[in-house]
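I opened this model to look up its fold, its nonpolar cores and its salt bridges, and I kept notes as I went.

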Amino acid sequence: MPFYVVRGEIPHKRHTQFRRPDGQLYKEEVFGTKGFSGIQSILYHTYPPTAVRRVEGPVPVAYVPEEAGPLRHRHFWTKRLATEGHPIAARQYLLGNDDVLLGTCVATQSMDDFYKNGECDEILFIHEGTGTLESMFGYIEFRPGDYLVIPAGTIYKLVIDKPVRYLLIESASHIEVPRRYRNEFGQFLEHAPFCERDLRPPVYAAPVANEGEFPVRVKARGAITTLVLAHHPFDVVGWDGYVYPYAFNIEDFEPITGRIHLPPPVHQTFAGQNFVVCSFVPRLFDYHPEAIPVPYNHSNVDSDEVLYYVRGNFMSRRGVEVGSMTLHPSGIPHGPHPGTVEASLGKERTEELAVMVDTFRPLKVLKPALAVEDPNYMYSWL
Ligand SMILES: [Fe+2]
């Protein structure tokens, strides 16, 4: 995260005595990245974060790729996946490589356990539903269109109010806001499509000072290990720093438009190592009198392109539905579907809402995706 936040009570000096009302010391935890050289936060726990009663597992998390077929464009109707339930266990991983995993989840129940991705930053793009992300940093109420950016190591739970459908982007590297949107001190620049005011860090929650047995499912090394903590994990009386979960709503992305078609980097929202996340939001079309609003045919020589369709009419596509996920791999060109170029001429605006993930290394299709694949997509440009 690019800016400093403080919540709750913290001592004036770091690494000094800071006491609970009963006279005992709070337990300080430095929660940092890149071996004390990256951004960090410091949390003050009621109980030692190291106090574990039992370790259980591991339960492997397998990503089984399909047997590679011919190179082709792919289309998956993710809304037709049958799995739903627990906000983490019901995740369906659909595409992935060593940099990023993409999946969807339909969460119909609140968690009574806790989750921590021990290795990856996560983005949960809330497509439908509402609820609350509770974590050791406080809570964030979320709604459709929210990107929830959750740093690796954050212990959290999802409380579901209305059933939630989300797109999962699980990143082996830290999620950042593009450098070109920020000045040398990290502050957002005037030309950035969003700024600090649009980001929602956690709201402070009083520490939960409960002892007992609290299972935290930790995903790391290709498996889930359960750490049964001896205390509630949300026992933090205060914290400060640059690492914390936050929400950014896609409706707060201010589209950049031009007289003639502008390429996807104007839609970029986040960056990870070897991939980017872009937001396609309702916007005015290009305003040159002869402009062609839909994109030209293009070859992604260096990247695979994944689009997740959220809402509206998708101007350059036929046959996709809400919840569709398309994969346009490097090596073959793609472009607008027949008829969509002419249909776009003279249109003044689009209401489409979509999330794009471009990866700079090839993605593999994972087996659960095959059950909801459109077999004819490759030929849909004829
Ligand atoms: Fe494209």
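The entries below go from the whole chain to single residue pairs.

**Ground rules.** I am working with a predicted model, in which local features need pLDDT of at least 70, side-chain atom pairs count only at pLDDT 80 or more, and totals for chains, interfaces and linings use all residues. I number residues from 1 along each chain as its sequence is written, and side-chain values use heavy atoms, with hydrogens and water left out.

**Whole chain.** I looked up the secondary structure and found two helices and 27 strands, where helices (H or I, at least four residues) and strands (E, at least two) are DSSP runs numbered from the N terminus. The radius of gyration is 22 Å, close to the 21 Å of the globule rule for 382 residues, so the chain is as compact as a globular protein of that length; the radius is taken over C-alpha atoms, and the rule is 2.2 Å times the number of residues to the power 0.38. I also noted that buried residues make up 54% of the 382 residues, with buried meaning under 20% relative accessible area, exposed over 50% and partly exposed in between (1.4 Å probe, protein chains only).

**Cores.** I then asked which residues touch the most other members of the largest nonpolar core. In this core of 56 residues they are Leu-95, Tyr-147, Ile-169, Phe-270 and Val-277; a core is a set of buried Ala, Val, Leu, Ile, Met, Phe, Trp, Tyr and Cys residues joined through side-chain atoms within 4.5 Å. A second, separate core of 25 residues includes Ile-160, Ile-224, Ala-247 and Leu-366.

**Salt bridges.** My search of the whole structure gave 20 salt bridges, each a side-chain nitrogen of Lys or Arg within 4 Å of a carboxyl oxygen of Asp or Glu. In one of them, the closest N and O atoms of Glu-213 and Arg-53 are 3.8 Å apart. Glu-213 lies in strand β14 (residues 211-220) and Arg-53 in strand β4 (residues 52-60), so this pair ties together parts that are 160 residues apart in sequence.

Are Lys-219 and Glu-170 buried or exposed? Both are buried, and their side chains meet in a salt bridge of 2.4 Å, N to O. Lys-219 belongs to strand β14 and Glu-170 to strand β12 (residues 155-171), so the pair ties together parts that are 49 residues apart in sequence.
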